[in-house]
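Visitor: I would like to go through this model with a few questions about its pockets and some of its residues.
Guide: Go ahead; here it is.

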Amino acid sequence: MGLSIIKPDSKIDFIGLRKFTIALSLVIMLLGIGSLILQGGPKYGIDFSGGVLAQVNFKQAVAPQDIKDSLAGANLQGLSVQRFGEGDTDYLLRISSVGKADTRLPQILKKQFGQNMPNNVFSIERLDMVGPKIGADLRSAALEALYFAVLLIAIYISGRFEQRWFTAGIMAAGLATGMYVLDLVGAPKQMQVLIAMLLTLGICWKLKLNYALGAVVALIHDVLITIGVLSILGKEFDLTIVAALLTIVGYSLNDTIIVFDRIRENIFQRSAPTYGEVINKAVNQTLSRTLLTSCTTLLVLVSLFFFGGGIIHDFALTLLVGVTVGTYSSIFVASPVLYAFSPDEIPEPVVESHNHADGSV
């Protein structure tokens, strides 16, 4: 008999809590969006904005202002100084442009620090340089990756849970055509992705792809809240954060599919007369598995966050937020959205199911 921290026959009314939980999600998302608006958008790292990043280690502790004062005579454009890791010996130096002066950054640092801090030996541990054009291209590619991940998930969910592969294919073809037309007219990539995401939600609703709609809404919910929390914390967005967001999408989807599998199985077994009761029963039956999996994952991420070092600190933080929010959304977002667009009474089954929600996807 498997480990269970919550009895599968518990009767928690998750659907009854949906108004409170959805309101909570909206408040958190609005706070994140407000933070993004106040900051003029995401705070892009070197990967997306272009520039130079140097990780510098000093033999003796030094204050950030002393570093800025030492480099004042070099006239480095957009210079910022940030502590890296613990203590006052490791710093990240960022310059917002890539030009002739930036390509000679090691020589400039050696000259300025040698003149102004001659008794404090330093070494350059890392040097990254990205041009503004490459940064813009990487930013567009990251947005497209997130969108197409969500689109492919919508197609997969529609086919697997509603046996409507052809309808899902039509949706995909229509959205691909729309993206192509927007690209031809020169629409900004951010606008293209936003319009395509709204069209995906609209088409799922219009074609009554309710399982896909619930999954997509949950994924958008997870990504928006994670981005909002990172914005509130003042974190920079780079390729590492995008990798973490894509990981969150996959993790959240796995939890959602487990719940949807159990809902579908309960519908075929006609274990309850209404959708609300079926969904509540399914979530209660899978709740122990969901919490055990998430807590195990969070233990690993907490270890990475505290002991993994500065290089993966933000990556681990993003996953910590995303896994927590993804677990929440599979219970309190995806299922209530499915319930909101489903009939009150359980329909007759169309095909016979032999699947069991045992944790496999």
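Visitor: By class, how many residues in the lining of the largest pocket are nonpolar, polar and charged?
Guide: The model is a predicted one. Its largest pocket has a volume of about 940 Å³ and is lined by 28 residues. Leu143, Val193, Val223, Leu224 and Ile227 are the ones nearest the centre. By class, the lining divides into 25 nonpolar, 2 polar and 1 charged.

Visitor: Which element gives the largest share of the lining of the largest pocket?
Guide: Two or more lining residues come from each of helix H1 (18-38), helix H6 (132-162), helix H8 (189-206), helix H9 (210-232) and helix H10 (239-269). The largest share is 7 residues, and the element that supplies it is H8.

Visitor: How do the residues lining the second largest pocket divide by class?
Guide: The second largest pocket has a volume of about 800 Å³. Its lining has 31 residues, with Phe84, Leu92, Arg94, Gly310 and Asp314 nearest the centre. They divide into 11 nonpolar, 9 polar and 11 charged.

Visitor: Is Thr286 buried or exposed?
Guide: Thr286 is found in helix H11, which covers residues 275-307. Its relative accessible area is 3%. Buried means under 20%, so Thr286, at 3%, is buried.

Visitor: Which backbone oxygen does the side chain of Thr286 reach?
Guide: Leaving aside neighbours within four places in sequence, Thr286 is in contact with Ile258, Val259 and Arg262. Its side chain also reaches a backbone oxygen at 3.0 Å, and that oxygen belongs to Ala282.

Visitor: What is the phi of Gln163?
Guide: Most residues other than glycine have a negative phi. Gln163, in the loop between H6 and helix H7 (165-184), is not a glycine, yet its phi is positive. The value is about 55 degrees.

Visitor: Is Lys208 buried or exposed?
Guide: Lys208 is placed in the loop between H8 and H9. Phi of Lys208 is positive, near 60 degrees, in a residue other than glycine. Exposed means over 50% relative accessible area; Lys208 has 58%, so this residue is exposed.

Technical notes:
Residues are numbered from 1 along each chain as its sequence is written. This is a predicted model: local features need pLDDT of at least 70, side-chain atom pairs count only at pLDDT 80 or more; totals for chains, interfaces and linings use all residues. Side-chain values use heavy atoms; hydrogens and water are left out. Helices (H or I, at least four residues) and strands (E, at least two) are DSSP runs, numbered from the N terminus. Buried means under 20% relative accessible area, exposed over 50%, partly exposed in between (1.4 Å probe, protein chains only). A polar contact is a pair of N or O atoms within 3.5 Å; within protein, one must be able to donate a hydrogen and the other to accept it, and residues adjacent in sequence count only if both atoms are side-chain atoms. Contact means heavy atoms within 4.5 Å. On a 1 Å grid over the protein atoms alone, a cavity is a set of points where a 1.4 Å probe fits but cannot get out, and a pocket is an open set with protein on both sides within 12 Å along at least five of seven lines; lining residues have an atom within 4 Å of a point. Grid points are joined across faces, edges and corners, and a volume is the space filled by probe spheres set on the points. Ala, Val, Leu, Ile, Met, Phe, Trp, Tyr, Cys and Pro count as nonpolar, Asp, Glu, Lys and Arg as charged, and the others, Gly among them, as polar.
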